[in-house]
Structures are given as C-alpha cells and as structure tokens.
Amino acid sequence: MSTTSAKTGPVSETEPAGTGSGRPARRLPNRDSRYASWWWAVPAVALVIAIHYAAIAAGSIYAFTDYKGLGSFKFVGLDNFAKIFSGGASMKALINTLIIAFVFLIATNGIGLAFALALNRTLRSRHFLRVILFAPVVLSPLAVSYIWKFIFQQKGPLNEFLASIGLESWQQTWLGDPQVVLISILLVMVWQNVGLTMVIYLAGLANVPEDLEEAAALDGAGVWKRFTSVTLPILRPTIVVASTLILVQGLRVFDQVQALTGGGPYGASETLATQVYKETFVNGRYGYGAALSLVMTVLILVFALLQMGLLRGKKDD
Amino acid sequence: MFRYSKGTFVREVAMLLVALIMMLPFYILFNTAFKNTEEALSSSALALPTNPTLEGFSASLATTGSRSLIVGALNSLIITVGSVVLLIIIGSLAAFVIIRRPGKISKTLLALFLLAIILPAQLGLIPVYIGLRSLGLVGTHIGMIIMYTGLLMPLSVFLYTGFVRTLPRDYEEAAQIDGASPFATFRKIVFPLLGPATGTVAILTSLIIWNDFFTSLVFLSGSDAVTLPVVVYSFVGELVSKWNVIFAAVILSMIPFLVFYLFAQKKFIQGFAGGIKS
C-alpha cells in the first residue's frame with residue numbers, strides 16, 4: 001500500500017502546473033504535499049475507526065439488546081441496565097470496582113509521589129533505587145498476581161511474617177475473607193504500580209527549578225511550605241496525567257482479580273471487568289455483557305474528564 | 001543548598017529499606033522456584049532451598065499442546081513482533097503526514113487519534129470479537145495482530161506526532177532538491193531520524209501486548225495461537241499447590257522482559273515517564 005501511495009504525492013507537485021496529465025493546474029500548490037501524501041494516513045485512520053469508533057458504537061447498540069452472540073436479537077430497552085442496578089452480582093461488582101479504583105488512585109499516587117520526592121536530587125543511590133522500584137511495572141500483572149497468591153496463603157509468608165513480629169492478631173485469610181479480599185488485591189496492584197507513578201512524578205519534579213526552591217528556602221519557607229507553594233503548582237499537570245492513568249487502570253482491573261480469586265469468595269471481589277468476561281464470554285450473554293461494558297466506559301470517560309477539569313481548574317487559584 | 005546532609009543519609013537508608021521490602025516478592029519467587037514441591041510448601045519462604053533443584057523448571061517445560069510454555073512464548077513473540085512492526089510503519093507514516101501538512105484535516109485526524117487514547121476499548125471488544133469471528137480470524141495470529149495494531153495505533157500516532165513536531169525540515173528539503181520522491185525521503189531520511197520515537201513506541205507497545213491477558217484470554221482460549229499469559233493461566237489453574245512448578249512457569253514467562261528491562265532500563269523509564277507525559 002505504501003508504494004502506491006508514495007506516487008500520489010509527487011504526481012501533482014513535481015510536474016510543472018498545467019502540463020501533461022490533463023489535471024487542472026493548481027495555482028497555489030500546497031507546498032507541504034511535497035513532503036507527504038494524505039494516503040499515508042489511511043491505514044492508521046481506517047484501523048482506529050474500525051477497532052475504536054465503529055466497535056464502540058456497535059457495542060453501545062448491543063447494550064440495549066438480548067444478543068446471545070449468534071443469530072438474531074431484539075431490542076430490550078433498558079432491561080439490561082435495570083438488571084445491573086437491581087442489586088445482584090453486577091451491582092456488587094460495580095461497587096467493588098469503584099472502591100478499588102478510588103483507593104488505588106489515592107494510594108498509588110500518594111506513595112509514588114512520596115517515593116519521587118524522597119529520591120529527587122540528593123540521594124546517592126537514586127538511580128539504582130529508581131531501576132529497582134520500577135521493575136515490577138514491566139512484569140505481567142498475571143505473573144505478579146501468582147507470586148502474591150503464594151504470599152497470601154493461610155500458612156504463607158505474609159502470615160508467617162506477622163507471627164514472627166508478634167502480630168498474630170493481624171493474620172488474615174487474605175484471599176478467602178470477603179472483608180479483606182479487596183485490600184489484598186489492592187496491595188498487589190499498588191505494589192506493582194507505585195514504580196510507574198514514581199517515575200512520572202520524578203519527570204515532573206525535574207521541571208521544578210532548583211533556584212526557585214532555594215529562593216523560597218531563603219525567604220524562610222519550611223519544607224512543607226515549599227512543597228505546597230512551589231512544587232505542587234508546577235506538578236499539577238503531572239498529577240493529572242498520573243492520576244488519570246491510574247484511575248483508568250483501576251476501573252478496568254481484571255488480571256489480578258482473575259488470578260488471585262476469580263472474583264471470589266462468593267463474588268466478594270467481582271469487578272466490572274470480571275463480570276463482563278463471565279457474562280459475555282462464559283455465559284454467552286453478549287447483550288448484558290455489552291451493557292456492563294457500557295457502564296464501565298461511561299464511568300471511565302466521566303471520571304477521566306472530571307479529573308482533568310478538576311485539576312486544570314485549580315490552576316487558576 | 002541541596003547538599004548531602006545527615007537528613008539525606010537517613011532518607012537514603014529508609015528508601016533502601018523500602019526497596020528491600022518491595023523486592024521481597026522477587027526473592028520469594030526465585031527462591032521457591034528452586035525448591036522441590038514438598039519443601040516449597042513446608043519450609044519458610046525466606047529460607048534458602050536445602051537442595052536447589054530444577055525440578056520445577058523441567059516440569060513446567062515438559063507441558064505440551066495448549067499448555068506448552070514454549071508454544072505460548074512463540075505465539076506471543078509472533079503476535080507482539082507483527083503488531084509492533086505494523087504500529088511503527090503505519091503509525092509513523094500517519095503521524096508524519098499529520099504534522100507536515102497542517103490544516104483542518106490534520107487537526108481533525110489528530111483529534112480522532114487523541115480521543116481514542118482516552119476512550120476505553122473494552123466496550124468495542126465484543127463487536128471486534130464478532131467481526132473477527134465472521135472473518136474467521138478469532139484464534140489466529142493475524143486476527144490478534146490486526147486487533148492490537150488497531151487498539152494501540154492512537155498511542156503510536158500520539159508518540160510519533162510529538163517527535164515529528166520537533167524535527168527540522170532541512171534534511172527533507174535537501175533530499176527533495178536531490179530529486180528524491182516523498183516516500184523515498186521518508187524511508188531513507190525521515191524514518192531513521194525518528195529513531196528515539198520508534199524506540200519508545202516499540203518498548204511501550206510490545207510490553208502492553210506481551211503482557212496482555214484479558215483480550216488474549218477472550219480471543220484465543222482453546223485455540224492454537226494461545227499467548228504466554230493464557231498458557232500460564234490455564235497451566236496454573238490445573239496445579240494445586242505445586243508452587244515450585246508454578247513459580248518456574250512465572251519466571252520463564254517474565255524472563256524476556258525482565259532481561260530486556262535490565263539492559264535498556266533507561267529507555268524503559270524514559271519511555272514511560274516521557275511517553276505518557278508529553
């Protein structure tokens with residue numbers, strides 16, 4: 001495709017206007033067409049329209065049907081959504097997803113920022129620490145979850161460790177207790193992703209001019225005052241990026257849950273994504289699964305836009 | 001003023017301790033993989049194996065068919081490389097024309113790509129699945145490559161446009177004067193200059209594709225093209241408490257990117273920090 005598209009560029013441009021080809025001469029040739037042809041963008045645009053826009057549009061339509069994945073389907077209005085919000089497993093999954101996403105957002109950004117501040121500038125081992133702390137980010141969430149599944153066992157390393165420091169009362173059935181299971185899953189997610197937020201915040205902190213901080217220090221500003229009045233305002237766009245990224249990840253969480261608990265015990269750790277997977281691809285309820293997906297999509301869009309608006313807006317203070 | 005002081009030293013020690021604790025799961029992983037099944041269950045996770053053994057590794061490599069880690073790794077490799085190559089070629093061409101021919105069309109196209117980055121693809125997965133199924137491409141390498149290329153194209157275009165914007169036109173103009181066609185100019189002059197962006201695109205997208213579990217589980221379960229995460233998932237599902245075997249499989253599945261990361265950590269970290277940020 002690229003060889004044919006390559007020709008369309010020069011044809012109009014390299015020939016002197018009005019000669020040969022019978023094309024109308026262009027009086028004011030767009031000089032930029034010498035560099036590139038619009039044909040070059042066609043494969044990318046076609047793919048994005050097909051896999052993103054058309055697919056999402058079609059998915060939104062399925063959400064209002066009883067489609068089973070095969071054969072015909074009929075529109076059922078808001079039935080699927082009524083079922084989701086009526087309080088069953090899906091509603092539980094929705095609430096779990098919101099809890100996970102919110103705690104994940106706060107913890108991962110808070111700890112990541114704290115790590116970044118600790119590592120910034122003066123530490124001698126900062127490069128080494130950065131490499132070490134970022135390492136979990138490059139691993140598959142699935143593989144990481146299996147390591148933690150072992151750690152969380154009843155007689156596993158975590159409970160063993162708690163006993164050894166005299167905290168027997170803190171021991172839990174980490175993955176078997178409905179009260180605790182979300183915390184355990186969050187622990188895995190935060191552990192794997194603090195390195196990511198840390199690195200993003202370190203890049204943001206590099207934009208804070210050292211002399212500005214020094215000037216603030218000379219004016220008698222303490223560490224906290226310097227952080228809130230010098231560092232934080234400059235960091236604001238970075239916070240938007242990091243928190244949006246983490247929030248979206250939290251709202252879509254699947255791998256960790258599937259590997260650690262499969263949604264159990266008794267649905268206590270179901271999330272929207274695990275429900276979408278089960279309803280659609282295990283139970284064959286495509287219409288219902290699409291409705292669940294649509295709920296997740298709307299949540300992600302609303303939160304992402306809200307967050308951008310919120311943090312951008314504060315800039316004017 | 002930011003000199004190494006007593007406070008810095010305390011901070012340094014504290015962070016090293018934190019890193020040590022954060023790394024414990026890795027220690028447990030490698031430690032347990034070299035124990036035998038019985039010892040993996042009974043001994044302390046921190047205690048070194050009394051008789052280090054490769055039992056777990058040989059057991060996890062002995063699997064065949066859709067449980068075979070080697071077949072899974074091969075499938076992952078084909079799908080990842082195929083998608084990344086397409087993402088680089090198609091993405092760089094699109095980004096280049098969008099930046100080099102500014103105007104209404106360019107603005108519209110850029111918005112199309114940027115919006116697709118925020119738009120979660122999950123909802124589109126069901127129709128894509130149905131579409132690929134009707135083309136007979138579910139459970140095939142080609143189907144996965146098309147899907148990943150489409151899914152990650154916005155990221156690729158976004159990263160490339162950011163880079164092309166900073167690229168001076170001098171080289172292109174010189175090539176034009178020498179009579180090179182636009183495509184030849186792109187291939188011989190521009191594309192090599194895009195190297196750093198290509199590196200970032202390759203690292204970010206290959207990592208996402210290699211580690212992807214959800215879509216490959218949906219599209220590939222039960223097929224011959226199962227990728228590594230799906231193999232590990234179904235493999236582990238059958239093993240109860242054989243942690244040395246499970247961990248051997250986990251290690252084998254993460255080794256490629258762990259090694260890749262250790263050799264190119266600077267590029268990885270820059271890619272994530274800069275790529276996502278800009």
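Biologist: In this predicted model, which residues of α12(A) are buried?

Modeller: Helix α12 (residues 272-282) of chain A has eleven residues, eight of which are buried, so this helix is largely enclosed by the rest of the structure. Just after α12(A) comes Gly284(A), which takes a positive phi of about 70 degrees. The buried residues of the helix are Leu272(A), Ala273(A), Thr274(A), Gln275(A), Val276(A), Tyr277(A), Glu279(A) and Thr280(A).

Biologist: Is Ile185(A) buried or exposed?

Modeller: Ile185(A) lies in helix α8 (residues 181-205) of chain A, and beyond its neighbours within four places in sequence it is in contact with Ile100(A), Gln256(A), Val257(A), Leu260(A) and Ser269(A). Leu245(A), for its part, is 60 residues from Ile185(A) in sequence and 18 Å away in space, C-alpha to C-alpha. Because 20 or more other C-beta atoms within 10 Å are needed for the term, and Ile185(A) has 26 of them, Ile185(A) is buried.

Biologist: Which helix gives the largest share of the side of domain 1 of chain A that touches domain 2 of chain A?

Modeller: The domain assignment of chain A gives domain 1 (2-80) and domain 2 (86-316), and eleven residues of domain 1 are in contact with nine residues of domain 2. The residues on the domain 1 side divide into four nonpolar, five polar and two charged. The largest share of that side, three residues, comes from α2(A).

Biologist: Turning to the contact between the chains, which helix of chain A gives the most to the side that touches chain B?

Modeller: The contact takes 84 residues from chain A and 78 residues from chain B. On the side of chain A that touches chain B, the residues divide into 59 nonpolar, 15 polar and ten charged. The element that gives the most to this side, with 14 residues, is helix α2 (residues 42-62) of chain A.

Biologist: Against which helices do the buried residues of α7(A) pack?

Modeller: In helix α7 (residues 157-164) of chain A, the residues Pro157(A), Leu158(A) and Asn159(A) are buried. The helix is followed by Gly166(A), whose phi is positive, near 75 degrees. The buried residues of α7(A) pack against α6 (141-151) of chain A together with α1 (6-33) of chain B.

Biologist: Which residues are in contact with Val250(B), leaving aside its neighbours within four places in sequence?

Modeller: Val250(B) belongs to the largest nonpolar core, which has 168 residues, and is listed with Val199(A), Ala94(B), Val232(B) and Ala249(B) as touching the most other members. This core draws at least three residues from each of domain 1 (2-80) and domain 2 (86-316) of chain A. Beyond its sequence neighbours within four places, Val250(B) is in contact with residues of both chains, namely Ala143(A), Tyr146(A), Ile147(A), Leu29(B) and Val232(B).

Biologist: What is the radius of gyration of chain B?

Modeller: Chain B comes to 14 helices and zero strands, and the globule rule gives 19 Å for its 278 residues, a value that the chain is well over, so chain B is more spread out than a compact globule. Along its principal axes the C-alpha trace spans about 70 × 65 × 35 Å, while buried residues make up 46% of the chain. The radius of gyration of chain B is 23 Å.

Biologist: In which helix of chain B is confidence lowest?

Modeller: The predictor gives the complex an ipTM of 0.89 and a pTM of 0.87, and the mean pLDDT of chain B is 88, with 97% of its residues reaching 70 or more. Within chain B, confidence is highest in helix α4 (residues 69-100), at a mean of 95. Confidence is lowest, at a mean of 77, in helix α14 (residues 265-277) of chain B.

Technical notes:
Residues are numbered from 1 along each chain as its sequence is written. Chains are lettered from A and ligands numbered from 1 in the order in which they are written. This is a predicted model: local features need pLDDT of at least 70, side-chain atom pairs count only at pLDDT 80 or more; totals for chains, interfaces and linings use all residues. Helices (H or I, at least four residues) and strands (E, at least two) are DSSP runs, numbered from the N terminus. The radius of gyration is taken over C-alpha atoms; the globule rule is 2.2 Å times the number of residues to the power 0.38. A residue is buried if 20 or more other C-beta atoms lie within 10 Å of its own, exposed if 12 or fewer, and partly exposed in between; C-beta atoms are placed from the backbone. Two residues are in contact if their C-beta atoms, placed from the backbone, lie within 7 Å. Ala, Val, Leu, Ile, Met, Phe, Trp, Tyr, Cys and Pro count as nonpolar, Asp, Glu, Lys and Arg as charged, and the others, Gly among them, as polar. A nonpolar core is a set of buried Ala, Val, Leu, Ile, Met, Phe, Trp, Tyr and Cys residues joined through C-beta atoms within 7 Å. Domain bounds come from an automatic or database domain assignment. pLDDT is the predictor's confidence in each residue, from 0 to 100.
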